[in-house]
Amino acid sequence: MKNVVLFVATVALYFSSWFVWFLFYYSSEPSFETCIIVASSLLLLCVPFNIGGNIFTVLGNAVSEKSIFSVLSLYQKANKNAFSLVSLYQKADGSTASVFGFLGYQDAGDDAFMFSGISIYQRSNIETVLFVGFSLYQEGSGDIIHAVGISLYQRAKGSVWVIVGVSGYQRSDNEDLMCIGLSLYQQVGDRVRAFAAFSKLT
């Protein structure tokens, strides 16, 4: 039932957004035939196909009893894994992964992974990873790795790494590493460093 509601809401959101864009861009209403074509396309692209408990969709949003795979999703929730090229909200008992774009919320029972973009919140029980981009908040029971970019807050029970970039706050139980860049605050246990450049604190 949740996926039915999400499907209807998703199609309505995308269609109304397209309709408003058309009005502003062309300064006229689209024809009835155009509306039918766009609506039909959205219906097909947003369908959350359930195959053996796994959800497959192009633009849809869904809840899955197993895993969910999509190209662009605003909302993903899965009992296993959630994968998307672009996603706004991901929550899974397994791993979550988003490749490009803006990611508002990512919560994983295993690994939380984002390749490139902006991450507001990332939390995982194993590895929390952002390769290239901006991260506001990262928390992990394992290690946190931010390869290139700016990270404001990092807290891990394992190690915290920024390879190239700037970090506002790094705290871990094992190791804080700033390879090339500046960390305003590093803490490992009782050891603290401020304005740590090219620093490794263990």
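Predicted model: local features only at pLDDT ≥ 70, side-chain atom pairs only at ≥ 80, totals over all residues.

Colleague: How are the rings of Tyr89 and Tyr105 arranged, stacked or edge-to-face?

Modeller: The ring centres of Tyr89 and Tyr105 lie 4.8 Å apart, and the planes are at 5 degrees. Planes under 30 degrees apart count as stacked. The pair of Tyr89 and Tyr105 is therefore stacked.

Colleague: Which strands does this pair link?

Modeller: Tyr89 and Tyr105 are 16 residues apart, and the pair links distant parts of the chain. Tyr105 is partly exposed, with a relative accessible area of 25%. Tyr89 belongs to strand E5 (residues 82-92), and Tyr105 belongs to strand E7 (residues 102-108).

Colleague: Which residues do ring pairs link into a cluster?

Modeller: The structure holds 21 aromatic pairs. Ring pairs join the following residues into a cluster: Tyr75, Tyr89, Tyr105, Tyr121, Tyr137, Tyr153, Tyr169 and Tyr185.

Colleague: What kind of aromatic pair do Trp21 and Tyr26 form?

Modeller: Trp21 is partly exposed at 43% relative accessibility, and Tyr26 is partly exposed at 45%. Their ring centres are 5.9 Å apart, with 90 degrees between the planes. Planes over 60 degrees apart count as edge-to-face. The pair of Trp21 and Tyr26 is accordingly edge-to-face.

Colleague: At what angle do H1 and H2 pack, and is H1 oblique or perpendicular to H2?

Modeller: Helix H1 (residues 2-26) and helix H2 (residues 32-46) have their axes 10 Å apart and pack at an angle of about 140 degrees. That angle makes H1 oblique to H2.

Colleague: How many nonpolar residues does the contact of H1 with H2 have?

Modeller: From H1, the contact includes Phe7, Val11 and Trp18; from H2, the contact includes Val38, Leu42 and Leu43. By class, the contact has two polar and no charged residues. The number of nonpolar residues in the contact of H1 with H2 is 12.

Colleague: Is Thr57 buried or exposed?

Modeller: Thr57 is placed in strand E2 (residues 54-57). Among the residues that Thr57 touches beyond four places away in sequence are Leu45, Cys46, Val47, Pro48 and Phe69. The relative accessible area of Thr57 is 8%, and a value under 20% counts as buried. Thr57 is therefore buried.

How values were computed: Residues numbered from 1 in each chain as written. Heavy atoms only, no water. Axes fitted to C-alpha atoms, helices over the stretch in contact; angles between N-to-C directions. Helix = DSSP H or I, 4+ residues; strand = E, 2+ residues; numbered from the N terminus. Parallel < 35°, antiparallel > 145°, perpendicular 65-115°, else oblique. Contact = heavy atoms within 4.5 Å. Nonpolar A, V, L, I, M, F, W, Y, C, P; charged D, E, K, R; others polar. Phe/Tyr/Trp six-rings, centres within 6.5 Å; stacked < 30°, edge-to-face > 60°. Buried < 20%, exposed > 50% of the residue type's maximum accessible area, 1.4 Å probe, protein only.
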